[in-house]
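Please keep the structure open while reading.

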Amino acid sequence: MTWAETLRTGLEALRTHRLRSGLTVLGILIGITAVILTVGLGQGAQQTISSRINALGTNLLVVTPGSSTGAGGVRGGTGSASTLTTADADTLASPAVAPDIAAVAPTVGRSLTLTTPDANWTTTVTGTTPQWLAVRARTMSEGRFLDPDDLSQRAAVTVLGPTTAAELFRGDAVGRTVILNGVQLTVVGVLASSGSTGGTTQDDLALVPLPTAQQRFIGSSGRTSVQAIYLQAKSQEALSAAYQEAQAALLVDHRATSDSGPDFSIATQESLLSTATSVTQTLTVLLAGIAAISLLVGGIGVMNIMLVSVTERIREIGLRKALGAPPRIIRRQFMVEASMLGLVGGLAGAALGLGLAALLTQTLGQPIVASPVATLGAIVIAVLVGIVSGVYPATRAARLAPIDALRSE
Amino acid sequence: MSLWSTPRPGTPAWADEPAVPAAVATVPVISLDRVGKVYRSGPVEVRAVDDVTLAIDEGEYVAITGPSGSGKSTLMHVLGCLDVATSGVYRLAGQDVGEMSEEDLAAVRNQRVGFVFQQFNLLPSLPAWRNVELPLVYAGVGRSERRQRAIMALERVGLGARVDHRPGELSGGQQQRVAVARALVTDPSLLLADEPTGNLDSAATDDVLHLFDELHAAGRTIVVITHEPDVAARSGRVVRVRDGRIVADSAVEAAS
């Protein structure tokens with residue numbers, strides 16, 4: 001009996017019991033769909049996070065304040081202290097101290113509400129310096145960015161992100177005014193969209209000159225403290241040199257001892273990325289584990305149905321044996337049927353998974369990335385599940401004595 | 001009676017058994033030499049076939065009869081290579097099947113034996129010709145030749161116009177004729193029928209028996225297991241079995 005013959009016979013057997021085959025396939029289908037969606041969701045989340053981190057700029061280092069220790073000895077979280085100042089930023093900007101640092105952008109930020117006669121909009125208001133644009137690798141779509149004069153004059157000007165501008169104004173935003181904490185600010189420019197996927201926060205922000213922000217909007221503990229200092233290294237190769245220069249300069253500035261340790265921390269994009277990646281990977285593994293369990297249940301379903309099929313077709317098996325089918329062919333027949341259930345379930349599950357991934361990406365705005373490798377892998381797994389589930393029922397069928405099989409009613 | 005038997009060189013050692021004196025110079029289709037089949041269920045030992053010696057020649061039409069529990073079904077299973085004897089030697093068309101593997105037995109059943117069952121045992125989802133071609137599938141015959149031979153076999157049993165009908169669309173007698181066509185399609189040495197008329201009314205019974213008569217007249221070797229005297233009377237030789245032993249073996253006087 002040829003393989004083509006076996007396939008044809010298997011297909012006929014499955015078609016004869018359409019409902020039963022369909023329900024069995026459903027078990028595999030759901031498992032495969034779940035696997036594709038969860039893996040896709042994990043990969044999508046990873047892509048979103050890495051594109052956000054990459055959108056921060058290129059060859060970037062971020063200096064954040066260390067944790068504060070309260071009166072009772074309670075340690076606050078990273079960034080709770082306000083140990084970084086504009087003076088630190090000035091130090092790092094000096095080519096003599098840190099020759100490998102190309103640009104420095106200290107920032108302070110807070111969520112505040114901007115008001116126009118027509119609308120109000122709550123967004124992150126960030127105080128920073130003109131170098132922010134270069135450090136964060138952004139471009140302007142309209143007007144100009146903050147300039148050194150704005151800083152020295154503590155000018156009441158602002159640059160809006162494209163989303164923010166669109167929310168506050170119909171039409172041109174440049175030249176119009178917004179009110180922030182009772183202060184009138186003139187919009188001097190609008191940023192171009194960062195173009196990062198899911199990076200809405202990158203496009204929804206308002207930038208003001210650092211001194212303006214420190215004095216009028218943010219100023220809490222000390223008017224010169226900053227929340228973060230963004231550093232851009234001269235090149236990819238200079239990144240670790242820049243890191244060490246910044247570390248050394250700040251340690252000297254802050255007179256840190258080896259006992260107290262540094263009161264700041266420096267993160268590279270890479271370290272941010274690896275942290276975020278490990279988090280999303282853990283999540284992906286967890287979700288995929290759940291999906292794998294549903295696939296296992298699907299596999300048990302296939303085995304169950306194949307066993308039922310063997311019992312139900314015991315006379316047919318007996319007849320085929322009487323007519324000259326050797327045990328090997330009978331085993332192959334049932335293995336092929338089980339594999340077909342797996343294959344059909346895998347293909348349908350992959351199709352459904354890809355469809356749902358596309359649909360959910362559109363409706364949720366959360367990208368679900370279904371990679372060809374994962375999809376192909378899922379189909380292969382489905383077939384393997386079918387084969388593994390088929391072994392026991394097929395062996396039972398092959399071992400049936402023809403007379404016992406023929407005798408049963 | 002052995003009109004269709006062909007003399008073969010070399011007289012086998014068992015040919016001098018007295019069962020069928022006419023077959024001395026030929027290889028019998030069936031040759032049982034002190035064959036026994038013992039079932040063991042726990043401490044109880046059941047001798048379903050007890051020391052049976054029997055030879056059936058090519059072209060013979062033999063009925064094996066006996067009350068239920070006489071061992072005739074077990075004998076039929078042994079004859080059809082569906083089951084293996086626990087003692088003695090069984091040669092089917094000269095081939096000793098006692099030491100064969102499952103795989104080889106399957107091949108012997110496929111090529112040497114054509115089965116006809118009481119329950120017809122047709123696959124309900126397949127049309128008549130697909131049922132008939134089934135043994136050829138396992139014999140490795142190509143598709144177009146299979147269809148051709150299946151249709152020829154169906155024509156032979158008078159169902160040339162029903163090749164595409166499913167078993168459910170055929171009467172009991174017609175279904176049994178499909179089963180006979182399936183049994184004949186590989187051109188086996190032996191046509192083995194187990195209560196072939198047990199599920200048929202008298203008209204269909206007559207129909208099938210008439211077909212057997214024709215096949216017998218054409219030289220087929222037929223063994224029918226039956227407990228119906230009418231059916232046995234249509235054969236050329238009746239072997240009576242009781243308690244696993246042959247109690248009578250006689251030619252039928254006036255076959256139809």
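The contact between the chains takes 19 residues from chain B and 18 residues from chain A, two residues being in contact if their C-beta atoms, placed from the backbone, lie within 7 Å. On the side of chain B that touches chain A, the elements that give two or more residues are helix 2 (102-112) and helix 3 (128-139) of chain B. Helix 2 of chain B gives the most, with six residues. By class, this side of chain B has 10 nonpolar, five polar and four charged residues; Ala, Val, Leu, Ile, Met, Phe, Trp, Tyr, Cys and Pro count as nonpolar, Asp, Glu, Lys and Arg as charged, and the others, Gly among them, as polar. Helices (H or I, at least four residues) and strands (E, at least two) are DSSP runs, numbered from the N terminus.

This is a predicted model, in which local features need pLDDT of at least 70, side-chain atom pairs count only at pLDDT 80 or more, and totals for chains, interfaces and linings use all residues. Residues are numbered from 1 along each chain as its sequence is written, and chains are lettered from A and ligands numbered from 1 in the order in which they are written.

Within helix 2 of chain B, the residues B:L105, B:A106, B:R109, B:N110 and B:R112 are buried, meaning that 20 or more other C-beta atoms, placed from the backbone, lie within 10 Å of the residue's own. Their cover includes helix 11 (314-322) of chain A, and from chain B strand 4 (87-92), strand 6 (113-116), helix 3 and strand 7 (190-194). Of the 256 residues of chain B, 48% count as buried.

Chain B has seven helices and 10 strands. Six of its strands form an open sheet of mixed pairing, in the order 6-7-8-3-9-10. Strand 6 and strand 10 (245-251) of chain B each have a single partner strand, so one side of each is left without a neighbour in the sheet.

The table lists strand pairs from both chains; strands pair if DSSP finds at least two bridges between them.

| Strand pair | Sense | Bridges |
|---|---|---|
| Strand 7 and strand 8 (222-226) of chain B | parallel | four bridges |
| Strand 2 (101-115) and strand 6 of chain A | antiparallel | two bridges |
| Strand 6 and strand 7 (183-191) of chain A | antiparallel | four bridges |

In chain B, B:L192 stands opposite B:V223 in strand 8. In chain A, A:L114 has A:L180 of strand 6 as its bridge partner, and A:I179 has A:Q184 of strand 7.

Key:
Buried ≥ 20, exposed ≤ 12 C-beta atoms within 10 Å, placed from the backbone.
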